[in-house]
Amino acid sequence: VSFVDVETVIAVDVGGSTIKGVVVDRGGRFVHELSRATPTGRGPEAVIAELQAVIAELRTTEAENGAVGAVGVVVPGSVDAAAGVARFSANLGFRDVPVRQLVAEATGLPTVLEHDVRAAGVAEETVGLTADADDYLLAVIGTGIAAVVGGNGGSIRGATQLAGELGHIPVWPDGESCPCGQRGCLERYASAASVNRRYAELSGNELRAEKVIARRDQDSVAARVWQDATESLGLAFATCTMLLDPAVIVLSGGLSQAGAALVDPVRAALAKRIVWRPPPPVLLSQLGDRAGRIGAAVLTWRSLGLDDFAPWRDWYSPIQ
Ligand SMILES: [Zn+2]
């Protein structure tokens with residue numbers, strides 16, 4: 001495939017609940033989107049089959065949108081991007097699945113595979129809040145919690161590809177036990193799933209995380225659960241600040257939709273824990289649930305030789 005003949009790429013974010021695909025042109029615009037439920041619990045073959053179906057359906061728009069030159073796929077869990085293999089994902093049932101090879105064989109197109117949170121970091125660096133930052137921390141707070149430590153030198157992958165497991169930083173000694181085997185992990189207090197679970201345990205009533213947050217001023221259990229969540233995040237970010245001295249901490253993922261209800265108490269909790277230096281700014285990502293797909297598209301266009309992403313920044317300029 002010659003770079004000049006390519007008009008679009010396909011970017012797909014395979015999540016635990018939804019497979020989100022999009023056709024992205026050279027200027028970074030989402031020209032055609034498609035989402036399907038992830039067939040979780042039916043094995044890795046079913047997930048790969050649905051991923052292939054999403055790509056095939058997006059390719060039917062080629063007559064309208066132009067030739068697709070490559071495919072980028074991002075998945076959660078542990079990913080070996082260099083090998084193109086999804087090492088492990090509990091939600092998707094993946095264990096050593098050669099996603100890049102499977103997609104490339106089915107489509108006949110060059111394919112890129114990356115970790116979803118690292119891809120979100122690439123999106124922030126290219127069109128988001130960390131575009132002008134040196135070293136930064138991007139925290140993705142959703143069903144679970146993960147992070148990217150990035151900057152001028154690229155993101156840190158770690159010796160065993162496990163860097164960024166922010167959710168399993170122990171924040172409370174002898175705290176709640178975590179399914180990972182440790183105690184007091186951040187994720188046990190501050191993920192959307194844990195806000196939901198802790199409210200149910202303490203009140204006896206089921207309430208989704210966003211409802212818990214909305215009720216925090218008139219419901220003492222909701223107030224306590226949310227206080228614990230934001231206090232835990234502040235404590236974890238104090239640790240990260242001392243270790244990394246980030247230029248900015250960006251909050252992304254489903255819980256970041258809470259807006260000021262999240263960022264204000266987290267800023268206060270972080271400031272309370274840090275005495276001898278100013279805390280770094282804590283900001284809310286403006287990319288929403290598009291971050292994984294934008295990052296996948298950047299990596300895919302980059303693999304084809306595109307190196308000027310400045311026009312993309314106009315398209316994704318912050319809403320604020
Ligand atoms: Zn844990």
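Q: Before we start, what does "contact" mean here?
A: Contact means heavy atoms within 4.5 Å. Keep in mind that this is a predicted model.

Q: OK. Which residues is E231 in contact with, leaving aside its neighbours within four places in sequence?
A: Those are W172, A269, K272 and R273.

Q: Which side chain makes a polar contact with that of E231?
A: The side chain of R273 does, at 3.1 Å.

Q: And where is E231 found?
A: In helix α8, which covers residues 220-244.

Q: Is E231 buried or exposed?
A: E231 is buried. Its relative accessibility is 11%, and buried means under 20%.

Q: New topic. What are the protein donors of the zinc ion?
A: They are H168 through ND1, and C178, C180 and C185 through SG. These donors lie 2.0 to 2.4 Å from the zinc ion.

Q: How are the donor residues spaced in sequence?
A: The pattern is H-x9-C-x1-C-x4-C.

Q: Where do H168 and C180 lie?
A: Both lie in the loop between β10 (145-150) and α5 (187-190), so the pair ties together parts that are twelve residues apart in sequence.

Q: Why is the arrangement around the zinc ion called tetrahedral?
A: Because the four donor atoms subtend angles of 103 to 117°. Four donors count as tetrahedral if all angles lie between 85 and 135 degrees.

Q: What about accessibility? How do H168 and C180 count?
A: H168 is partly exposed, at 21% relative accessibility. C180 is partly exposed too, with a relative accessible area of 41%.

Q: Where is the place of D96, then?
A: D96 is in strand β7, residues 94-97. At 44% relative accessibility, D96 counts as partly exposed.

Q: And what is the phi of Q161?
A: Q161 has a positive phi of about 65°, although it is not a glycine. Q161 is in the loop between β10 and α5. Its relative accessible area is 25%, so Q161 is partly exposed.

Methods:
Residues are numbered from 1 along each chain as its sequence is written. This is a predicted model: local features need pLDDT of at least 70, side-chain atom pairs count only at pLDDT 80 or more; totals for chains, interfaces and linings use all residues. Side-chain values use heavy atoms; hydrogens and water are left out. Helices (H or I, at least four residues) and strands (E, at least two) are DSSP runs, numbered from the N terminus. Buried means under 20% relative accessible area, exposed over 50%, partly exposed in between (1.4 Å probe, protein chains only). A polar contact is a pair of N or O atoms within 3.5 Å; within protein, one must be able to donate a hydrogen and the other to accept it, and residues adjacent in sequence count only if both atoms are side-chain atoms. Donors are N, O and S atoms within 2.8 Å of the metal (3.2 Å for Na, K and Ca); water is not among the atoms, so sites may look incomplete. Four donors count as tetrahedral if all angles lie between 85 and 135 degrees; four count as square planar and six as octahedral if opposite donors are over 155 degrees apart and all others between 65 and 115; anything else is irregular.
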